Amino acid sequence: MPDQPTPAPTALPRVLSLVQPTADSLHLGNYLGALRQFVDLQHSVDGFFGVADLHALNELPEPAVLRERTRRTAAQMIAAGLDPEKSTIFVQSHIPAHTQLTWVLDCYTGFGQASRMTQFKDKSAKRGFDSTNLGLFTYPVLMAADILIYKATRVPVGEDQRQHLELTRDLAERFNARFGETFPVPEPHILASVGKIQDLQNPEAKMSKSATSPAGVVELLEDPKKNAKKFKSAVTDSGTEIRFDEENKPGVSNLLRILAAFTGRSIPELEAEFAGKMYGHLKVAVADAVNDTLAPIRERALALLAEGTELDRILAEGAEKAEAVAQATVREVYDRVGLLAR
């Protein structure tokens with residue numbers, strides 16, 4: 001592909017965040033903890049939001065499954081409110097420059113530093129030496145390339161990704177010190193906390209796609225009636241009082257937290273409203289509030305997937321915009337490290 005012109009810089013801070021397509025549907029924790037906030041954030045930043053299908057290869061998914069989950073993840077991001085007129089929405093593997101920059105950064109990353117990544121140590125310990133692939137080891141460097149290739153200045157991160165962002169910052173500073181100012185050193189963008197969204201069947205565990213029971217996970221693409229049933233069968237406790245007490249009433253506290261997040265009301269206000277009422281009243285209220293928001297998202301996402309053309313168009317246009325920025329960065333980096341121009 002011929003070189004594209006270097007895009008003009010924007011005055012807005014540039015934000016980069018990618019979502020891994022590792023499940024058929026995003027869940028309530030993904031929506032509240034990240035996606036909903038990206039939708040709000042896009043109005044005040046130059047946002048690059050993508051589907052991290054290259055990262056998902058670490059789990060060695062079946063090819064057809066990965067392709068379908070990539071489309072489903074993109075459709076949910078758009079249906080939730082990410083606007084292609086305001087944000088660049090793309091699929092990571094559609095931009096070859098991600099892996100081109102990764103190799104350069106690999107060559108400037110110390111083996112010892114990469115070995116100390118906590119997530120690699122934890123996952124490799126679970127997988128075992130012979131089942132741990134190189135992709136898992138170099139995952140943080142690909143993540144650094146994802147960020148630096150767009151010269152992002154802010155990156156939304158959770159606690160599990162903070163160490164990887166620190167590696168990104170180190171690599172940016174190291175590269176700048178040797179080759180001159182090339183990359184902004186990205187800062188973490190702290191998303192507003194909605195508290196821990198816990199599993200409905202095991203309220204002491206975080207809601208996760210790897211949950212032991214699907215009954216505990218509320219999915220964006222699930223039928224609203226099935227999600228309502230999950231709330232109505234949510235584990236609470238043997239008492240009757242509706243109050244926020246994470247230690248003694250984790251199930252009730254989780255329901256109150258979710259209701260507060262979807263209604264914008266404070267937990268003390270909700271405690272007062274449900275004083276003297278039964279757990280069933282709370283569960284119905286939570287189910288209704290969640291479905292009022294998620295049902296239109298589900299409908300829009302499924303329509304995008306069924307029709308197909310509009311989703312393909314958005315992703316193609318997003319790839320074109322992302323590639324223009326990424327290619328410009330790779331050209332600059334290749335020149336600085338001494339690679340011969342074609």
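Rings of Phe, Tyr and Trp (its six-membered ring) are taken as an aromatic pair if their centres lie within 6.5 Å. On that basis, a search of the whole structure, which is a predicted model, finds nine aromatic pairs.

**Aromatic pairs and cluster**

- The rings of Phe38 and Phe49 are stacked, because their planes meet at 25 degrees, under the 30 degrees that limits this class, with the centres 5.2 Å apart.
- This pair joins distant parts of the chain, with Phe38 in helix H1 and Phe49 in strand S2, 11 residues apart.
- Phe38 and Phe49 are both buried.
- Tyr108 and Phe175 make an edge-to-face pair, with 80 degrees between the planes and 6.4 Å from centre to centre.
- The pair of Tyr108 and Phe175 also links distant parts of the chain, 67 residues apart: Tyr108 belongs to the loop between helix H4 (97–106) and helix H5 (111–115), and Phe175 to helix H8 (residues 162–179).
- Tyr108 is partly exposed at 26% relative accessibility, whereas Phe175 is buried with a relative accessible area of 3%.
- One aromatic cluster is formed by Tyr108, Phe175, Phe179 and Phe183.

**Charges over aromatic rings**

- Arg36 lies over the face of Phe262, 5.9 Å from the ring centre.
- Lys277 is placed over the face of Phe274, at 5.4 Å from the ring centre.

- Strand S2 (residues 46–51) is largely enclosed by the rest of the structure, because six of its six residues are buried.
- In a regular strand, side chains alternate between the two faces of the sheet.
- In S2, Asp46, Phe48 and Gly50 point one way, while Gly47, Phe49 and Val51 point the other way, and all are buried.
- S2 pairs with strand S1 (residues 14–19) in the parallel sense over six bridges.
- Within this pairing, Leu16 stands opposite Phe48 of S2.
- S2 also runs parallel to strand S3 (residues 87–91), to which five bridges join it.
- Ser87 in S3 is the bridge partner of Gly47.
- A right-handed β-α-β unit is made by S1, helix H1 (residues 28–41) and S2.

- Lys249 is found in the loop between helix H9 (224–232) and helix H10 (250–263).
- The side chain of Lys249 reaches the backbone oxygen of Glu241 at 2.9 Å.
- Apart from neighbours within four places in sequence, Lys249 is in contact with Asp237, Gly239, Thr240, Glu241, Arg243 and Tyr279.

- Most residues other than glycine have a negative phi.
- Leu60 belongs to the loop between helix H2 (53–56) and helix H3 (63–79), and it is exposed, with a relative accessible area of 66%.
- Lys151 lies in the loop between helix H7 (134–148) and strand S4 (154–156), and it counts as partly exposed at 25% relative accessibility.

Technical notes. Residues are numbered from 1 along each chain as its sequence is written. This is a predicted model: local features need pLDDT of at least 70, side-chain atom pairs count only at pLDDT 80 or more; totals for chains, interfaces and linings use all residues. Side-chain values use heavy atoms; hydrogens and water are left out. Helices (H or I, at least four residues) and strands (E, at least two) are DSSP runs, numbered from the N terminus. A polar contact is a pair of N or O atoms within 3.5 Å; within protein, one must be able to donate a hydrogen and the other to accept it, and residues adjacent in sequence count only if both atoms are side-chain atoms. Contact means heavy atoms within 4.5 Å. Buried means under 20% relative accessible area, exposed over 50%, partly exposed in between (1.4 Å probe, protein chains only). Two strands pair if DSSP finds at least two bridges between them. A crossover is right-handed if, with the strands pointing away from the viewer, the path from the first strand over the helix to the second runs clockwise. Rings of Phe, Tyr and Trp (its six-membered ring) pair if their centres lie within 6.5 Å; planes under 30 degrees apart count as stacked, over 60 as edge-to-face and the rest as tilted. A charge sits over a ring if NZ of Lys or CZ of Arg is within 6 Å of the ring centre and within 35 degrees of the ring normal.
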